[in-house]
Amino acid sequence: MNKTVVSIKNLYFKNIFHNFSLNIPADMNFAIVGENGMGKTTLIKILCNLLSKDSGTITFSNNIKHHHANSDISYCAQHSSLPPNIKVKNILQLFARIHHITWEHVMTHSLFHNLRIDTILNVKSQHLSGGQNRRLILFLTLFYNPRIVFLDEPFNDIDDRKNMIAILKTYCLLNHIQIILISHSVYEIKQLTQAGIFLSANKKNIKIYSSKQLNNLLIKTFKN
């Protein structure tokens, strides 16, 4: 039997989830896909304690800390805002203090250079391009090595998307970080995940598909 990293039982949330249950396998990158408005982002926010469920139980495996302080999970939102009028360097220093990480560690981190954060240190947040903003958000999501990273359409506005996907895939693999991904991209699902679910209006009897099966469902759904 596959181990489970998080178990969702009888989840109710407003008019979106009614008696919804799902076991997300451990040690496997997992995709959450489906049409817009089906609750993909809502589900991730509930798992990350950013929304409070109406009822039901959510249980992480014993070795995963999932509370705000010293959490083992991290979330890269589809639309992320940064504090205005602050240089990237100062934002990084703030996040480093929050996670009890030295500035030297930040500066020598492999993603610091691979995501080209070193080129934007003195740029104020409001002057970042869309791609620079997304690379910074990805760095802040990953630099402290969470156990699970929730990614919601993480590569929007990034021009060299394939290269960024390769960097993220390699980094998470080497550092044993499990990816849970929301995406409409066949390429992203193929490259980053091994299995997942397809959310539709009927959320009962949720089936876990292989990434290949998910991509076939995506192509079929958005072709119609």
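Which residues of α6 are buried? In α6, the buried residues are Met164, Ile165, Ile167, Leu168, Tyr171 and Cys172. Buried stands for under 20% relative accessible area, exposed for over 50%, and partly exposed for what falls in between (1.4 Å probe, protein chains only).

## Basis of the model

This is a predicted model, in which local features need pLDDT of at least 70, side-chain atom pairs count only at pLDDT 80 or more, and totals for chains, interfaces and linings use all residues. Residues are numbered from 1 along each chain as its sequence is written, and side-chain values use heavy atoms, with hydrogens and water left out.

## Helix α6

Helix α6 covers residues 161-174 and has 14 residues. Helices (H or I, at least four residues) and strands (E, at least two) are DSSP runs, numbered from the N terminus. From its first C-alpha to its last, α6 reaches 20 Å, close to the 20 Å expected at 1.5 Å a residue; the expected span is 1.5 Å times one less than the number of residues.

Met164, Ile165, Ile167, Leu168, Tyr171 and Cys172 are the buried residues of α6. They cover an arc of only 165 degrees around the axis, which puts them on the same side of α6. The arc is that of the directions from the helix axis to the C-beta atoms. An α-helix has 3.6 residues a turn, so residues three or four places apart point the same way. Lys162, Leu173 and Leu174, on the other side of α6, are exposed. The cover over the buried residues of α6 includes α4, α5, β6 (148-152), β7 (178-182) and α7 (186-192). After α6 comes His176, whose phi is positive, near 55 degrees.

Lys162 also lies over the face of Tyr187, at 5.1 Å from the ring centre. A charge sits over a ring if NZ of Lys or CZ of Arg is within 6 Å of the ring centre and within 35 degrees of the ring normal.

## Helix α2

In helix α2 (residues 88-98), Val88, Ile91, Leu92 and Ala96 are buried. They span an arc of only 135 degrees around the axis, which puts them on the same side of α2. Arg97 and Ile98 are exposed on the other side of α2. Among the elements that cover the buried residues of α2 are α3 (103-108), α4 and α5.

## Aromatic pairs

Four aromatic pairs are found in a search of the whole structure. Rings of Phe, Tyr and Trp (its six-membered ring) pair if their centres lie within 6.5 Å; planes under 30 degrees apart count as stacked, over 60 as edge-to-face and the rest as tilted. The rings of Phe112 and Phe139 have centres 6.1 Å apart and planes at 65 degrees, so this pair is edge-to-face. The pair links distant parts of the chain, with Phe112 in helix α4 (residues 110-114) and Phe139 in helix α5 (residues 130-142), 27 residues apart. Both Phe112 and Phe139 are buried.

Phe139 and Phe143 have ring centres 5.4 Å apart and planes at 20 degrees, so they are stacked. Phe139 counts as buried because its relative accessibility is 0%, and Phe143 counts as buried at 1%. Ring pairs join Phe112, Phe139, Phe143 and Tyr144 into a cluster.

## Strands and sheet

Strands β1 (residues 4-13) and β2 (residues 17-25) pair in the antiparallel sense over six bridges. Two strands pair if DSSP finds at least two bridges between them. Ile8 stands opposite Leu22 in β2. The two strands, β1 and β2, form a hairpin with three residues between them, and Lys14 in the turn has a positive phi of about 45 degrees.

An open sheet of six strands runs in the order β5-β6-β7-β3-β8-β9, with mixed pairing. β5 (73-76) and β9 (209-210) stand at the edges, each with a single partner strand, so one side of each is left without a neighbour in the sheet. Strand β8 (residues 195-199) pairs with β9 in the antiparallel sense over two bridges, and Ala195 stands opposite Ser210 in β9.

## The loop between β4 and β5

Asp72 lies in the loop between β4 (55-60) and β5 and is buried, with a relative accessible area of 11%. Asp72 touches Asn63, Ile64, Lys65, Pro146, Arg147 and Ile148, not counting residues up to four places away in sequence. Contact means heavy atoms within 4.5 Å.

Asn63 is also placed in the loop between β4 and β5, and counts as partly exposed at 44% relative accessibility. Asn63 touches Asp72 and Arg147, not counting residues up to four places away in sequence.
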